[in-house]
Every structure is written in structure tokens, then in C-alpha cells.
Amino acid sequence: MELLLGASETFAHSSELVFNYEASPFSFWITRRSDPRAFPLFDTRISSLPKTPVAAVIPDIPSTSLDGFPLVFEDRYLQVCIS
């Protein structure tokens, strides 16, 4: 599903960036209108995240590893208005 937020009709058709989303589970990704099948510029879909756990970037410092990729959506960080 494609959504252009707060855009006038003119802007919606002239913008090179497209905001796409899935309602459940909520995720979104940004693509270029000129190449919609290309790798997204930004992607929160689970399928786009690397497998976990991710090994430590600095081998001697375990805190540089990642156990997961939690995404938190709260109205103070992300606000989406649909009219």
C-alpha cells in the first residue's frame, strides 16, 4: 500500500520519494518513484532486518553485538495523520 502524507495532488505526483506501509503488523518503507523495485532507502519490515544475534563488531567488547532489533512506535516519535 502506498501513502503520501500531507501531500497536495501536485506534490503527490511530483515527489521522487514514496512512503509505503503495511497495517498489520505495522511496518513502512521508503522507495523512489523512479525505481520502486529497487532496494528501499529505509525499511522497517522484519524481512529487511539481518538475522540475530549479530556478532560483536569489536570482538573483545560484547556490548557491540545485537540481540535483536526492537522498533518502538510512539506518538512522540512518529506521528501519522491520514485525512
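Visitor: Which side chain does T31 meet in a polar contact?
Guide: N20. The side chains of T31 and N20 are joined by a polar contact of 3.1 Å. A polar contact is a pair of N or O atoms within 3.5 Å; within protein, one must be able to donate a hydrogen and the other to accept it, and residues adjacent in sequence count only if both atoms are side-chain atoms.

Visitor: What am I looking at, and how are the values made?
Guide: This is a predicted model, where local features need pLDDT of at least 70, side-chain atom pairs count only at pLDDT 80 or more, and totals for chains, interfaces and linings use all residues. Residues are numbered from 1 along each chain as its sequence is written, and side-chain values use heavy atoms, with hydrogens and water left out.

Visitor: Back to T31. Buried or exposed?
Guide: Buried, because its relative accessibility is 7%. Buried means under 20% relative accessible area, exposed over 50%, partly exposed in between (1.4 Å probe, protein chains only).

Visitor: What else does T31 touch?
Guide: Leaving out residues up to four places away in sequence, T31 touches E16, L17, V18, N20, P36 and P40. Contact here means heavy atoms within 4.5 Å.

Visitor: Which element holds T31?
Guide: Strand β3. That strand spans residues 27–32, and five of its six residues are buried. Helices (H or I, at least four residues) and strands (E, at least two) are DSSP runs, numbered from the N terminus.

Visitor: How does β3 pair with β2?
Guide: Antiparallel, over six bridges, with β2 covering residues 17–22. Two strands pair if DSSP finds at least two bridges between them. In this pairing, E22 stands opposite S27, and Y21 faces F28. A hairpin of four residues links β2 to β3.

Visitor: And how many bridges on the β4 side?
Guide: Two. They join β3 to β4 (residues 42–43), again in the antiparallel sense. W29 stands opposite D43 there.

Visitor: What does D43 pair with in a salt bridge?
Guide: R45. The closest N and O atoms are 2.8 Å apart. The structure holds one salt bridge. The term means a side-chain nitrogen of Lys or Arg within 4 Å of a carboxyl oxygen of Asp or Glu.

Visitor: Why can side chains pair like that?
Guide: Side chains of opposite charge can pair when their charged atoms come close.

Visitor: Let's switch to the loop between β2 and β3. Which peptide bond is cis there?
Guide: The one from S24 to P25, with omega near -10°. P25 sits in that loop. F26 is in the loop too. At 35% relative accessible area, F26 is partly exposed.

Visitor: Where's the cis bond at P53?
Guide: Between T52 and P53, with omega about 0°. P53 lies in the segment after β4.

Visitor: Now the surface. Which residues make the nonpolar patch?
Guide: L17, L41 and F42, over about 280 Å². Patches are made of residues with over 30% relative accessible area and no salt bridge: like charges are joined within 9 Å, nonpolar side chains (Val, Leu, Ile, Met, Phe, Trp, Tyr) within 5 Å. F42 belongs to β4 and is partly exposed, at 44% relative accessible area.

Visitor: Zoom out. What is the order of elements?
Guide: From the N terminus, β-α-β-β-β. That is one helix and four strands.

Visitor: What about the totals for burial and surface?
Guide: Buried residues make up 18% of the 83 residues. The accessible surface is about 6,800 Å², and 59% of it belongs to carbon and sulfur atoms. Accessible areas come from the Shrake-Rupley method with a 1.4 Å probe; for residues, only the protein chains shown count as cover.
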